[in-house]
Amino acid sequence: MARRWMGTPARALAVSAVCALFTTTLFTHTPSHAQQATGEPIKIGAILAITGPGAGLGVPTRNGVLLAEKAVNAAGGVRGRPIKVIIEDDASNPDNARTKANALVHNEKVVGLIGPSQVAQIVAAGAITDPLKLPHIVPAGLSVPVERDRKCVYHVLPPQDLNARALMEYAANAMKIKRVGVLHDSGYGNVVMGALKAISSSYPGIEFVAIEKFEIGATDVTTQAAKVRASNPEAVMVIATSGTPFRAVKQVRIEVPVIAAIGSSSYEYVKAMGESADNVIIPEFLVGEDPLPDQKAFVEMYRKEYNLTPKNFEAAGWDLVQFMVAALKATPADAKPAEICEWLRRPHKGVLADYDFRDADLTGMKLTSFVYSKLIKGQYTRLPFRVSK
Amino acid sequence: MRRPWLIVLVVVWALLPWVLGRHHVDLLVFAAIYTIAGLGVGLLLGHCGIVTLAQSVFYAMGAYASAIITVNLKLPASLGFVVGMIASGVIALALGWPVLRLTGFFLAVATLALAMIANALFFEWDWLTGGTVGIGAIPKLGLFGFVLDTPLTFYYFAWVVAAIAMLLVHNLVAGRTGLAMRGMRDSLDAARVLAIDVHGLRVTIFVVCAVLGGVSGSLFAHYTGYVSVASFTIDKAILFLLIPVLGGAASIPGVVVGALFITFVPELLSKLGDFHGIVFGLALIVVVIAAPHGIVGTIRQWRKRALDESTATPGEANK
Amino acid sequence: MFSSLVVQAILSGVTNGVIYALIGMGIAVIYKGSGVINAAQGEFSLIGAVVAVFAMKAAGFSYPIAFIAGAVFGILLGIVVDVVLVRPMVRRKADEDAFLLLTIGIAFAISAGVLFFAGRDYFTLPSIGSDGVAIVFDATIRYHAIWVIVACAAIVAALRFFYRKTSFGLAMMAASIDADGAATTGINVAAMRTATYGMGGLLGALAGLLVAPIVPISYYMGLVLTLKGFCAAMIGGLTNPMGAIVGGIILGLVESLAIVFIASAYKDVVAFSVLLVIMILVPQGILGRRGRKGG
Amino acid sequence: MTAPALDVRGIGHAFGGLTVLTNVSFEVPAGRIVGLIGPNGSGKSTLFNILNGFLVPQSGSVMMAGNDTRAMSVEARSRVGMVRTFQTPRVFEHLSVQDNIMVGACKLTRSGALSNMLSLPRARRDLALMREVAEAVIERFGLQRLREVPAAKLTSGQRRMLELARAYAGKPQLLLLDEPSSGLNTAEVEALGKWLQTFNDEGMTLLLVSHDMQLMNIASVVNVLYFGEIIASGPMAEMQRNPRVREVYLGM
């Protein structure tokens, strides 16, 4: 009886093969040559501005996200299952952001949400994820008070008061100047301007000699730029997400250096600035042309994939996915959203910078992690200046 | 209203959200909100022959009133609705009094100018409206102990409010005011000669339209929980104009059909990206040229014509 | 230092004003010729610029060829709008607000079409002459802006010559003043109205082509341009297209001075408030004769 | 003696340099039928538009039952009983005959938009009253068969009758008639004359403006307007014999 069961050598061979296969997959976990993740994908939602005024931020972030998705899946995904990032375009509009967030969270049943990248859209999408305590990470700085109460919406770019401080540090300590002019838009620019006013008391030496505002999508700001020039500042801060103000500054022949906020720093906007992308200093985190030591690996991988140089938003896109995946790996497969959200509330080491999501501003970045770049004839160079304390 | 037909409609309406997916219920809530704003525009267009592009202004005022009252001042939501309606009505009266002296193109263009001015001010007065950043975390509405935080619960509340608005507009149109409006529309001079205060009536209807816009804005604020100037652009003003024009300006069912059209068409065409805008533009052109009475109006005409043909005995000339 | 600011405001005011004038002239021509206010005039400008941009980028034509392509497309668009859309409604004797709804529908369809085919980004065309700037009393004006002012003057002269000296122009003028009277003298009024829309389309496209190098054009800007053009035409009195020139420049100056003396964000608020005041208090416009009904 | 229903004093008016009326004065005693005739282009319709408020005269004044109408709008004059008809009758095309007449009766009720929206008792009472008045007028004018017919489908004679019925529904004290007989055949003019006579018998003051001599027979006084001036006034028979009028009218 037993003989017949073992009788056929073919069957014995088949059984042993299966055992061998089983044991190898169980113990092999070295990422370099692990099997490609297989099976039912884990869906992560992503809302980015692929079109509209915010495309200058959304498109680079998307590249970073896709690169991270590919790398994570190549390294075995999460517990062997691949991740699938479903990217939706909010067309730089909060209504779209709300509808897309609704569809992703309730129809696609994503386990986490990435983006959007502009303030209005973040608050709109946050209204969907916050009640469910869904893990939600955005490539933008914390801007409005309501964001402080949304404990599961983390930020991988500095809050606007940190941006403002970084701008003032350079003007006060690197340039050591007194008279500063400001040209800012009515969205992102408005928020950072509010922060600048709030912290101006800690930089007594600096006086804002002209503050000119223009509406988002304005196409002609020469008159505002002329008003800034008329107050003969020693430097002009431009806080906007478009190339228009930079072109206006050049057209009215303002010769003093321009200090721009991180929101203007992407190759899309540099292209839009044309030849006004010169003598512009930007406090940011990643200068692809001259990266910090532990950013080199990411820069190389990005260049190999897209044959382009990455910047802040590409790195932010990468970090977003890495942190989300780390949370999924560290929590049980059937963990509830709130559990994953709570796991994320810890320090993280990203390509862009180091974070501590436990902070009240749900970001935890330091002023010292800023690097300062300078645009010379459209090319980024990294300045030695760093904030000391 | 024919009794049985109405009862069937109510039953279907009550069961619908349990049958449809959450995303479609969300669209039906927006259809209710747009119906209320569209009723106002339909009243002006269908009964007074006035094209208004300023409804997005009053829609925004209702939304901002609710947001400011509940978020900044932490006062109850009902006060937000009331303040929204009063604010819309008062501003409509203040602006309407001079502007409604104009007629035809010039009045329509004047309302467009008002919409543009309001949009620029919503941007600029960010201390009030939050500008592009807007106002977030608007609390959910509570009603008799229920919290209306899901599309399903809000669906019933929004459509009941829409039904009340429809009843009020129906009464207005069926009553003395409605008669005076339709007379004014056909001949302004003849109406004035019959002691109808034409200017006063047009301003009154403009105020009613604005208050309806305010109510729908408040509903929008409490449903989405977030308002920003990007939701109150000129596109929205044209959308509100589309509702009665496509549906049938002179009829209340027409406004409902129009509201359903502009909420579901973008959803059906969402695969094609921004294609729905073209459909709206072409639909407006086709309706204005070929079917001036809108979808419902044209159907009524076909049914009436079919009715006439069937009852007209052969040989008798079509009277 | 202060004076250069005012000079800068005047220069940019005149530059923008001339663009508004061109659009305003298009609106006035169509209004005079057919009694219809074309709410899609700004979209004619948008299409003119977008066609030129595509002719250059996609089809690789040179700038002059693309410019002409844009202008011709404007004329064709005007003619198609009249023949296909306006004519059936004239036959049906539709009332004033039906025509307005029609032009709003056209505006919405065109801007949605540009959004769908050309996307949300901004288009610019190369400047006429060099990209540099001329210095005037320490304020700057782009060479292209000077060319725009020259072009606008040339267009006005050509229009005046066309309407007064050429037989076709006279026929169009007659048809616009008194359609029935003109018909009795054998003028084909319907064809004249089509020519009027063609002319309106041309003026609109030219405005778009000339503004694109200064102000990047995007799908949503048609309505703002229409309203600014309408404001220019209103200030100049709708009955005479030339009035739109003065109206446009006044509007442009009011806007840029508002930026200097009030605040930049109030530019549009001031411009459209001026429009409302004029429509209500001075319906025939500052320059126009009493001849206009309406307001 | 009660104040005249209409007291026109020194009316002058010009359109851009072209004088149309110079120093026109005449009276319409309460309860009488007064006529105003004149060839085309004599300024009749301009005067008519001044009387009812569509035009503000450049000089002179119009007193209505003793008070000055300068500050009164068309609607205000109508509310105190002045109703006019139009040379080509302006009926509400899309509304049925009954609805047209009900609009005429709006003047008798006051419920506003709010009470209508909430369909308060006041609003419902007003609507019922208007329907009652309209029904009575339809009976009176024999328009029962046309009750549901949209005004657009009426003949010009029926339109004239509807305009009269609609005016009558508002119980006017003073009725201004602008070329009421234009487009009517002699039989219809005869019938119109009878209707106007019965209106007058019920106490309504009438001002007939026309170039139709036949209709003027029902007027107690006729004023003759020529090139913007009243050249003669008196009973119709006398006017036919007046040399100045004959010269103007009959070119003899």
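**View 1. Polar contacts join chain B and chain A in this predicted model.** Six residue pairs are in polar contact across the interface of chain B and chain A, both partners at pLDDT 80 or more. Three elements of chain B each give two or more residues to the side that touches chain A. They are helix H2 (22-48), helix H5 (104-124) and helix H10 (198-224). H2(B) gives the most to this side, with four residues. By class, the side of chain B that touches chain A holds eight nonpolar residues, six polar ones and five charged ones.

**View 2. Salt bridges cross the interface of chain B and chain A.** The rule finds four of them. One pairs Lys236(B) with Asp95(A). Here the closest N and O atoms are 3.5 Å apart.

**View 3. The contact between chain B and chain A, by residues and area.** Chain B brings 19 residues to the contact. Chain A brings 22 residues. About 1,600 Å² is buried between the two chains. Carbon and sulfur atoms give 57% of that area.

**View 4. Chains B and C have the most contacts.** Four pairs of chains touch.

Conventions
Residues are numbered from 1 along each chain as its sequence is written. Chains are lettered from A and ligands numbered from 1 in the order in which they are written. This is a predicted model: local features need pLDDT of at least 70, side-chain atom pairs count only at pLDDT 80 or more; totals for chains, interfaces and linings use all residues. Side-chain values use heavy atoms; hydrogens and water are left out. Contact means heavy atoms within 4.5 Å. Buried area is the accessible area (1.4 Å probe) that two parts lose on being put together, summed over both. A salt bridge is a side-chain nitrogen of Lys or Arg within 4 Å of a carboxyl oxygen of Asp or Glu. A polar contact is a pair of N or O atoms within 3.5 Å; within protein, one must be able to donate a hydrogen and the other to accept it, and residues adjacent in sequence count only if both atoms are side-chain atoms. Ala, Val, Leu, Ile, Met, Phe, Trp, Tyr, Cys and Pro count as nonpolar, Asp, Glu, Lys and Arg as charged, and the others, Gly among them, as polar.
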